[in-house]
Structures are given as C-alpha cells and as structure tokens.
Amino acid sequence: MRLIGVDIGGTFTDLILTDTEQQQIWIHKVPTTVDDPAIAMLSGIQTLCQMANLSPDSIDHLLHGTTVATNALLTHEGAQVGMITTQGYRDIVHIGRHQRPQHYSIMQDIPWQTQPLVQRRHRLTVTERLGAKGEVLTELNEAEVLEAIATLKQQGIESIAVCFLNSYINDAHEARVAELIRQHYPEAFVTTSASIFPQFREFERFTTACINAFVGPKVKAYIDRLWQQLQPLGIQSELHIMRSNGGVATAAVAAREPVTLLLSGLAAGVLGGAATGQQSDRQNLITFDMGGTSTDIGIVTASGFVEATARDTWIAGYPVMVPMIDVHTIGAGGGSIAYVDAGGAFRVGPKSAGANPGPACYGKGGIQAAVSDANVVLNRLDPDHFLGGEMDIYPDRAFTAMQALADRLNLNLYEAAAGVITIVNNNMANAIRSRTVQKGHDPRQFALVALGGAGPLHAVEVARSLSIPEVIVPRYPGITSAMGLLTTDLKHDLIQNEFLLSTQPDLSKLNHDLRSLESQVQTQLTADGFNPEQVILERWADCRYLGQGYELRVQIPEGELDEAKLSHLWQQFHDRHTVEYGHAFPQNPVELVTLRITGKGAMPKLMQLPPPPVGTLEQAWIKTTETYFRVNGQLEQYATQFFERDRLPIGGAIEAPAVLFQKDSTTLLPPHTRAIVQPNGNILVQLMPLPIEAKRQAIEAIF
Amino acid sequence: MPTSLSPKRTLPAIDPVTAQVLAGALNSIALEMGHKLARMSYSSIIRESEDFGAAILDADCQQLAECAYSTPLQLGPIPGYMRGVLKAMAEDGEEFYPGDVILHNHPYYGASHGPDIGIGIPIFQQDQLIGFSFTTAHHLDIGSCSPGSCGIVDAVDAYAEGLQFKAVKLYEKGEKNRQVWRMLRQNIRSADVVVGDIEAQVAACRVGERRFLELVEQYGLDTVLAASEELMNYSERMMRQAIAQLPDGTYAAEGFLDGFLDDPDPTKKDLKIAVTVTIDGSNMTIDLTGTAPQIDDRPINMPFVGTVDIAIFVTLRSVLLDTALMEYVPQNSGLIRPIAIVAPKGCLANPIYPAPVIARCCPGNVVADTLMKALAQVAPHNISGGIGNIKVVSYSGVVDEDYWVYMDITEGSYGGRYGKDGMDGVDTLYANTRNNPIEDIEAHLPLRVTRYELLEDKSGAGQWRGGLGSVRDIQFLSSGQMSLEGEGNKYAPWGIFGGKDGTPGGVVVFSESQAAIDLPSKFPCRKTRSGDTLRTVSPCGGGYGDPLLRDPQQVLEDVLDDYLSLEKAQEDYAVVIDPATLAIDFAATTALRQSRSGT
C-alpha cells in the first residue's frame, strides 16, 4: 500500500508518503500557497513521488487535512447564505442564548450579531410547526416554501440553510424543503439542520447548519477543483479528507458536510501524537503541540481520544454542535510577547509577534521580547542550528529586548527571561490541568507527547510542573498532523435523541432505534466502499440525571439490550459521574438523552517508522556550553551538551542537561531528566525526582 | 478550637512571576467550581441560564477569584454573603469547625435576595481557618407565598418571601445535619430539584476547598496570600488609574421605576432613582440620596449589600475597565477599594428590615442604568444609551401532588454606543444569564414557546441606534399559574447626545375565552388555563447621537433587514428610500435633512 498524507496549515504544507511494503517513508515540507492551497499540494505530491521514485498513479490512498473551511469562517469570507425557518422564529440565530459573550463590557461585539452568517433579509419564514415529540402541529405550507425559494434565488443566494424547530426529532419538513430546493433551484448548496447533527437546542443546531451553508460552496469548489487538478498527475486513488471527529470522510461527504472539517488539521495532530505515543507503548497521552502563536492540547486514553462536549464547542465565536476531538487551544507560542501591562503585571501572550515581524531575535523589526527571545537569552536556541541553520537569528536583538523588559520589572536579565518561560509554561500547564485534573484524569498516569516547533523545547518543564513522569518527542515533531492522517479510519457518527428514563425504559423502542441507526451507518459505509465485515460499530449513550442539562457518555453493551445490560449501563453512568464531578446521585433517575452510533471503516495505516541512521553520541555531539535552568527555585548555569538529533544512535542515552537540534524543532532536556533514543526514533524522556523531592521521599520512607 | 488568621499577618514580598502563576491557578479553581456546579445541577435556571456564582475568598472575606462564566449578579455579592454569615454567627455565638457547610440567604445579612442561596465552606489548614469556598445560585422555589421564586410581587414583608436562612449549618464537623435537610424538603415546592441543586452547590464548594488546599500545600500559605494581595492591589491600581483619568467633579442623573403601575397608591409607582457621582482624584463616591423612600409592603426594595453595591460595581467596571477595550483585569475585591457608596437608610436602595426585597432584580438594573447615564458626562465613548430592562417570569403547575416550576428570563437590549449600534436581545448590565432553548422547554414542560423574535421598528433612533428587544410568547398546555416581575413598561430607555428615546416594553395575556389583556410590568400569582399565552415585549434601547447624522446607507441596510420601515426611515432619519427599487434618493434625503436641521 502506498499512502500520501497532506496537511495544509496556515504557513506550511506538510506531506508524507509511506510505502507499507518497502517499510519506507518520505517527508516533505513546502510553504503554503495561501491563495490556492492546491498549488503547493500538487507540486509537493510530485516532488514526494520523485523522492520515492514512484509514479503518482501507483498511490493507493490520498488523505488530506485542510483549513479551507476554518479560514472561510475565521475570515468571514463565505457564501451568501439564505435561511428558511419556522414562522415566528426568524431571529433564533441572532438572539442566540441572549447572553453577552463578555460580562464586563459595554463596547463588545457579539459575533453572530455584528457578523451574521445569514443576514436578516435572507432569513425567510414559512408556516409549519412540529411539536416536541415530532408530531405535526402545523402542516408545512409548500406554496410559501416555493415563494421563499424563488425570493432567495432572485436575491442571488448561493447556499440555503433549512432550520425548523424540533426537527431534531422529526426531519420530515426540513427534508421536504430540501427536496423542493433541489427541484426548483438545483444550483443552490442545501443544508438542513437535522442532517448535520439532529441534537436539540435550536440556536446551536441552526448556527451549525448556517456555518455549513456559509463555508459549503467554498469547500465544495475547493474539493472539486483539487480532484480535477489531481487527475493530470495520474492520481487514481480516492481522496479522503480529515474531519474534526478524528476520522476521514470521502470527498463527497466532506463537500456535503464541510462544518465537520473545521478542526481537520488539529484532529490529525492529536492522532499523530497518539500514534507516536502508542509506538512507545504508552496509552495515556497528552498531545502538546506548540507553534509560533498557539498551543493545541489533546487528551488520549486507552479508550481513544477525548471528544469535546458538542454544546461547549465554539469556533470563531460561533457555537458548533458536531462531534469533534477535544482540542484545547490557548494563545501561547514561541512568538508570544512578554510585557508589563498598565497595572504593572508581568504578562506573556496571548498577543503574538507571529511570523512577521516575529520575535526580536528574527531581526525582522520585532522589538518586544517574545518567548523565543527568552530561549535565546537562556542559551537554549542556537544561532547556527535554528531551523536547521536555514534561518538567521540575531541573539543581540533578543538580549536588547529582554533587557528592556527586565528593567521594567526590576529583575536581572536572566531572571526576566526565566520568568517569561515560567509564565508561558504555567499558562500551558493550566490549560492541561483543565483537561486532566479537572476532568478526573491524573496527569501522573500520562505521558506528554511534544509536538510542533516549540513543543519539545517546553514540554519537559511543563511536564515537571504537572508531575507528568514522561515526555515523548517523535522523530519529526513538526509534521505530526500529516503523519496523523495516515493513522486514521473512515468514520461516521449518527445520533438520535431518545429521552429514555431509567424508571420506565421502553426496551423494544430502544433496541429498534439502535438497529435503525446501525443500519443507516452500514448503508453509508457501504456507499463509501466498505463491506459490512470491514465495518466496526461503536454504540454510545449520552446520559444525565433527570433534570440535569449536561450529558456524560457511556458505552452501550453489545447485542440486544435487556434489563441486565441496561442496569449495567446506568451503573456505568453513575461511575462516570463520580469520575467527572467527584460525586454521584445513585438514587436519582437517569435519562438516556441521545443514542450515538459511530461506524468505522478501517483504512490502511502508517507502519512503524524505519529505524533512524546509525551513529554514535560522539558523532552527534556539537558542543558543551553553559545554559540557564531553574531548579528548585534557583536559577543557575549548568554545563549543557548540545547534540544533532538526526545523528543520535538508537539506544543512545543522553545525560541531561542537554539540547537536541533538528531541522524542525529543538528538544530541551533540563537537569534531572534522562533520555533515550528508542528504536522507532522517538526520544523518551523520563523526569527524575528533584534533589529536594528525593530527600523528602527518603524521609517519608523512614517514617 | 480552630483559630482564625490574624488580619495583621505580615506577608512576604512576591515576585511578579509567582504572582502571575498564582493568578492563573486561582482563576482555574473558581472556573472548575462553576463548571461542575452548572453540569451537576438540575434546574434550568442554573444549568441553562447560568444564574449562579462561584468564588474563593480569603479569611477576611476578600474575593480572590471568581468563575468567569455564570452571572455578575451572583458573583459580586459573594464576599457580602460571607460577611453576613460571620456577622450572624457572631451574634448567635456560633463557631466554624472543619467539615462545616453553611447555608445562607438572608438579604439583610449580605445575601442578594432569598432565592439566591449561598453555600459556603470554611477552609481549614490543619486547625487554622484560611479562607472560604463559596457558591451562590438562584433556586426555583424557597417556600414563598406562591409557587416559584420570581414574580412574588405581593410579598408584604421578608417573611412572606419564603424561608430565611441565616448561617445555618447543613453539615457540622463533617456530620450531615439531617433535620435541616428534612425541613428543606418539607417546605419547598419541587423539592427534588431544589435540594438536588443545593447538593450540587455543596459538591462544587468541596471542589474549591480541595483545590485551594492543594495550592496552599504546593506554594505555602504566605505565598498564596501575598500573591492574592498583589492581585487585589493590581486590580485596585487599574481601577484608580481609570478613575483618575476622569475629570474631578460631581455628575448626577435620574431614572425612574415603573413600580406598581396598577396600584391605586401613588407612592408605589413612578419611583425615582437618584445617582450622584463624585470624582476626586482616584476616588469615586456614588451617592443615591434623593432616591424614593422604601415601600414597606411591596418587594422591590433593594438590599444595599448584595444588589445595590453590585449594580454599581459591575457598571463601573464595565464602563471604566471594559474587557473588550483593554486586557482582562482580575475581578476581585481590589476593584472596589476606590469606591464609596452612600444611600440613606429607609430609601429603596437601603431598606430597613423586614421590608420585602425579593423582586429587586429589575430595580437594581435601573440603578445601574442611571449610573451609566451619570457617567455619560465624563466617559461618552464608553457608555451606551439607556438599556431595555429584563423580565423574569415563573410558570408552574401541579403534577403528581408536587409542583413543576419553570423560570424564564426575557432579555432587554442596549442603547446605541459611540461608533456602534446597541446590542440586540441580550441581558443587560449586571444581569447576564442565558435563555433556555425552546426545544428543551418543550421537551420537558407543559409549555410551548409560540413566538420568539426581534421587535421591528422600535429602537431608539440615533447616529448609532438602540438595540432591538424581542417578543416572546409562551403558552400553557395544561392549567397552572404564573407570576412576573419586570421594569420598563412605562419609562422608555433614554437617548443620549441627540439620540431619541427607545420604546417601553409590555406584557399581554391571551386566552381563548376573552380578549387580550394588557398587564403592568409586575403581577403576582395568576391562575392560567391550558391554551393561555403570556407575551413579553422587551423595551428597545435608546439612540446615541443625532439620527440625522446616521449614514443613509446604514438606514437602508436596516430597512432591507426589516429592522426599520420606510416610513420610520423618513420620519426618524430623514432618509428617503424609493419603495419600488429600495434605493436611497440622495437628493431628497439631503434636502429633507437640511430642512430638518434648519428647524
């Protein structure tokens, strides 16, 4: 099998090709062509095939992570969208939840009011109404629908969202309107709210449908064009696109449901991190991807990656109610600016120097000290080896900027630089804490996977502050998303609101609904080209105590459900509630709110990476020089060895403190850690107790 | 016996790095408390509307951090609750022990009003009291004279408002005080929901207690307290800088409450709120002298601590330290140090026990709005025109010998702002709750929301127009009752700097058997039959600046969006639009604007 993964990010397009028979991989990185991302992708694929000496027509699968949908939403450059909705409810997407995004602000903007996805003039209402059980209270007035379609067509609308109240439980009216649009205005891109995600809560569901409508035409055009442009290359494989749910979809499904692509690249990053950790036989993983402006954090356990709560997920200020990997992004990166604010507080980020002008040390005109400048001052980045020596850095500019900051803080230069690192690390540690400790996961049972250009530089110190015992640095930390693309399955999620009570369970309806969802998923996967025996089905139930508003997810036992299996399900829910909140109410009735079936079609995957070239530690050694570290509160200089990562031998044990350079990242090993190069090329870092901790442990052992 | 921290404790110097690290840690403790409370709770007023608060206090009841979501009107009062608890305990000779959990809702002892129940846990390190973990939440029912906990507008005194808890121990030394819990269940409607919510509050407080102890364990108590003090000093400095930038002087404004428009007694309606702001360097005094006298037997009096002070603090902060315009200043007790509040005893803003206060929410928003009007004179680019006030409605009915109770908060709107139109259909000033999804209401209650959309043609005209309120219709599908408290049926939100006033709100009941009935902005428990519908109409915000200066293109956009009619475009803005082509007639517009500004 020959697979290509292409992840297009804002700055770089990363490509990876693997030949599973030859056990070989080739990687390639090119600048993203922002105006037409396909250009860099196509030329990158050609180069990659040349590197591997393969003809493009021999490629079996092409997998793609894209930011086209995300960028359209973030820059608010999408389609002219129209909406057909229930009479009397024209402004659900404008009023939202009637809460101001900021408590303490008169001058704030509300994104859905100042930048509506659908202008009010294009929100047309028709007579129809469904009840809460899906019963028809008012028939759909088709004459009004036809009139609305004609109006939208005449207004030049390209994309229409159909959003009716209570459609989550009965989609008949929405489906009928979609059918009428296809008949009378076949050029329009059509989205119905129930077809995207039939979950109750109208503002969130309607907005999700509107986002789909808003980014839809652009994404569809992009995918169609990409497909056409791939043909002349001789690529005959199917094109699969990464979705926010951690699975891929066929190009056709992706083009129909582009709102499911918003976290395409981020999800691939978490999967890549997960694959890295699993190569090192670690199941509980925190993926930590730190770049220039932000850090993305994902959690993976033995049961897979953690999914976001659909109702808590916001992108570009809008709620998005579809299944997504829980990727927590905070504004902390190598370019994060350190400064003293008007009240005298020492802050780092979220303001970023970005790539331009970038940190002061880039010498492109940045004068404020950034995180990278602090690393330069502390001698953790080396001018000769930054980005493989391909980019110049100017240490004197970093020192000047840091000295100015130090003067304002009344600290010495090195204390200020170390302070910048402490604050940014702490911001990231708090973000990790919110996804681990606060969710009932003990970080001491996890390994941190360090990804991105800056991740391996900060990971060990972040791990130390959270008592995470191990850090894994993959062989190529900078192309993890592309690698993640080659570790995924094709995946569909289907849900149905059930509202079943533990005190009066209707088992026959439950079993019927499960079978019905399963057969729908099977049908979809068959359409995607999978035989039933290749398909894996997972069954989940979102439950809550009757009256609560937030659900927790538990797995539904296999097979036909009987009373015993159901009571096992309730027990699982009580246990889950205890883990999540530290408390359960076992005497209270439980409501099974939503059934969910995930169908997976297995895709071929990236095998173990080929072993890295053989060398010796001596050959990899560059120099030994003094570097600053803070240990037990004391900032001191330590003699630190610098190595070239690519020449480190398998099994090589590196004595900390040390710095490892490679083209796309730098790994920092502070004192009291030890690291070893694993056969798969990963570096496994173990954190040893600090001297004081060791002393305390010894004393505790005596008593 | 447990010992309390000496208030004179000398704290070590704190470096700026550690201060920042601890700021993040404290913040995340409060966030976790709130997050877990919202997710564990049962009633939609907490879990969907987010009408709750969570905070960590030091041993002197200073607020160190608050949960950034939830609502300001629940967050701000927390230090006052805890001070009220201490006062009540001292009066009764009670003491704290490790393992205690306190229940408190007394509005004359720091609570915001009775339904906002406070749960507090004293945090002990060994036997030393080092702080408090505290949550507040609005409960559906506290055993008032009629079902629900809003619209109890006929309560004649504090006793009629429901159960009063003054620092009652739900747990003592870790032992559950079972008799208190039994009493709660016996005296509160829909007790499963309410007691479940109280349990969720207790659990959230325990999370806060545990996390704060972990923090103290990691960094040492003195370091945590020193960092907290630095954070409060920081917030105080930021507030002082903002005040110092305003010109010294005295600035006054007046606002009016509808009060009880249907009451024959003239002293119960058209009630004045007087606000005088005095700026002296970096200090500010807010004087409410001139505000109407308290009403002895109607519950729109406002607790001085817990409502009036919060209305003032939240408004000042939102105007002077606007988080959209500057970086986030931690919300802690340092912010209020430069501010003094004066209100004569016996006025609406400082009532004397046992005057009832349960319906104080909307009057408090008028205090906030009037303060903003006074500030308009010194901070014209940071305020909005008059806001449309909110309404709070209780719907209930009997089922299986118990009650179902539902609380619905309908939003208001903001006035126009410098360079921006007002926000449409949002909660205003010190209130920032969320509505309950229609699909959630209809799936769980015998109610149907039959209309919910923006009002048209009603906003205050201005160079930047006022925001639009909404109309919301809710129909009973079985018999029951309802009650309502609101403001703004008579007094329209004010326009400013040449902007026109907005429009007042309204309340209407429709039923099959009789014609529509207009109701005032407050009505007590009212029986309903299946099919009866309550319509609430929000006031729409006041305009900012001369409407004749509004960009004609903006006027056209509003017409295209049906926010504005062609007639109003011409009448209010002197913009002439061709009804056939919907194009601006620029010549006619210029002529009309010239003739208008000439007169």
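Domain bounds are taken from an automatic or database domain assignment. On this basis chain A is divided into domain 1 (78–210), domain 2 (340–420) and domain 3 (490–601). Between domain 2 of chain A and domain 3 of chain A, the C-alpha centres are 51 Å apart. The model is a predicted one, in which local features need pLDDT of at least 70 and side-chain atom pairs count only at pLDDT 80 or more, while totals for chains, interfaces and linings use all residues. Residues are numbered from 1 along each chain as its sequence is written, and chains are lettered from A and ligands numbered from 1 in the order in which they are written.

The overall dimensions of chain A were examined next. Along the principal axes, its C-alpha atoms fill a box of roughly 80 × 65 × 60 Å. The radius of gyration is taken over C-alpha atoms, and the globule rule is 2.2 Å times the number of residues to the power 0.38. For 703 residues a compact globule would have a value near 27 Å, and the 27 Å of chain A therefore agrees. A residue is termed buried if 20 or more other C-beta atoms lie within 10 Å of its own, exposed if 12 or fewer do, and partly exposed in between, with C-beta atoms placed from the backbone. Of the 703 residues in chain A, 52% are buried. Two residues are in contact if their C-beta atoms, placed from the backbone, lie within 7 Å. When the contacts in chain A between residues at least 6 apart in sequence are considered, 68% join residues at least 24 apart.

Helices (H or I, at least four residues) and strands (E, at least two) are DSSP runs, numbered from the N terminus. Chain A contains 19 helices and 33 strands. Strand β9 of chain A (residues 159–163) is mostly covered, with 5 of its 5 residues buried. From β9(A), A:Ser159, A:Ala161 and A:Cys163 point one way and A:Ile160 and A:Val162 the other way, all of them buried. Strands are said to pair if DSSP finds at least two bridges between them. Strand β5 of chain A (residues 81–86) runs parallel to β9(A) and is joined to it by 5 bridges; here A:Thr85 has A:Cys163 as its bridge partner. Strand β10 of chain A (residues 189–192) is also parallel to β9(A), through 4 bridges, and A:Thr192 is the bridge partner of A:Val162.

An open sheet of 4 strands in chain A has the order β27-β28-β30-β31, with mixed pairing. Its edges are formed by β27 (621–631) and β31 (665–669) of chain A, each of which has a single partner strand, so one side of each is left without a neighbour in the sheet. Direction ignored, neighbouring strands of this sheet are turned by 25° against each other on average; axes are lines fitted to C-alpha atoms, for helices over the stretch in contact, and angles run from 0 to 180 degrees between N-to-C directions. Strand β30 of chain A (residues 658–662) pairs with β31(A) in the antiparallel sense over 5 bridges, and A:Leu660 stands opposite A:Thr667 of β31(A).

In chain B, 4 strands form an open sheet in the order β9-β10-β11-β12, and the pairing is mixed. The edge positions are held by β9 (249–259) and β12 (339–342) of chain B; each has a single partner strand, so one side of each is without a neighbour in the sheet. Strands β10 (residues 269–280) and β11 (residues 283–287) of chain B are antiparallel and pair over 5 bridges, with B:Thr285 of β11(B) as the bridge partner of B:Thr278. Helix α9 of chain B (residues 361–375) lies across β9, β10 and β11 of chain B and runs at about 150° to β9(B).

The domain assignment of chain B gives domain 1 (3–234), domain 2 (384–550) and domain 3 (552–598). The centres of domain 1 and domain 2 of chain B, taken over C-alpha atoms, are separated by 31 Å. Their contact takes 22 residues from domain 1 of chain B and 26 residues from domain 2 of chain B.

Between the chains, 55 residues of chain A are in contact with 66 residues of chain B. The largest share of the chain A side, 8 residues, comes from α13(A).
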